Amino acid sequence: MRILSRLLVVVGVIVLIVSGVLLGKDVIDINQLHAVANANRSTNFPSPLNNVLITYALSVAGAFLTGLGVSMPRGRTRP
């Protein structure tokens, strides 16, 4: 079980790193699209970047709490 546990931790860390890289790419794309959209407008509109970052933070926190809950013992252990 220790090997499986360590494997899951390694896979989880890899997935978090990949999602961080994708988030960085999305931030750059959103900034470029927002700049192009505002270039020919007389009024500015809010950037969706903050919503993307909040969504990412909530998903990471949810994944952490779910993993923490799954890893906790289910009940009292017998002596």
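Predicted model: local features only at pLDDT ≥ 70, side-chain atom pairs only at ≥ 80, totals over all residues.
Side-chain values use heavy atoms, with hydrogens and water left out.

The protein chain contains 2 helices and 0 strands, helices (H or I, at least four residues) and strands (E, at least two) being DSSP runs numbered from the N terminus. Of the 79 residues in the chain, 8% are buried. The accessible surface of the chain comes to about 7,000 Å², and 69% of this surface belongs to carbon and sulfur atoms; such areas come from the Shrake-Rupley method with a 1.4 Å probe, and for residues only the protein chains shown count as cover.

A search of the whole structure finds 1 salt bridge, a term that requires a side-chain nitrogen of Lys or Arg within 4 Å of a carboxyl oxygen of Asp or Glu. Side chains of opposite charge can pair when their charged atoms come close. Aspartate 29 forms a salt bridge with lysine 25, and the closest N and O atoms of the two are 2.9 Å apart. Because aspartate 29 and lysine 25 are 4 residues apart in helix α1, about one helical turn separates them. Lysine 25 counts as partly exposed, at 48% relative accessibility.

Histidine 34 lies in helix α1 and has a relative accessible area of 18%, so it counts as buried. Leaving aside neighbours within four places in sequence, histidine 34 is in contact (heavy atoms within 4.5 Å) with Phe45, Pro46, Ser47 and Pro48. Isoleucine 30, which also lies in helix α1, is buried at 16% relative accessibility, and its contacts, with neighbours within four places in sequence again left aside, are Ser47, Pro48, Leu49 and Val52. The C-alpha atoms of isoleucine 30 and proline 48 are separated by 7.5 Å, although these residues are 18 residues apart along the chain.

In helix α2 lies asparagine 50, which is exposed, with a relative accessible area of 53%. The C-alpha atoms of asparagine 50 and valine 27, 23 residues apart along the chain, are separated by 9.6 Å.

Leucine 4 is found in helix α1, which spans residues 2–39, and counts as partly exposed at 45% relative accessibility.

The largest pocket holds about 510 Å³ of space. A pocket is, on a 1 Å grid over the protein atoms alone, an open set of points where a 1.4 Å probe fits, with protein on both sides within 12 Å along at least five of seven lines, and lining residues have an atom within 4 Å of a point. The largest pocket is lined by 17 residues, of which Leu8, Gly12, Ala63, Phe64 and Gly67 lie nearest its centre. The elements giving two or more residues to this lining are α1 and α2 (49–71), and α2 gives the most, with 9 residues. Grid points are joined across faces, edges and corners, and the volume is the space filled by probe spheres set on the points.

How values were computed
Residues numbered from 1 in each chain as written. Buried < 20%, exposed > 50% of the residue type's maximum accessible area, 1.4 Å probe, protein only.
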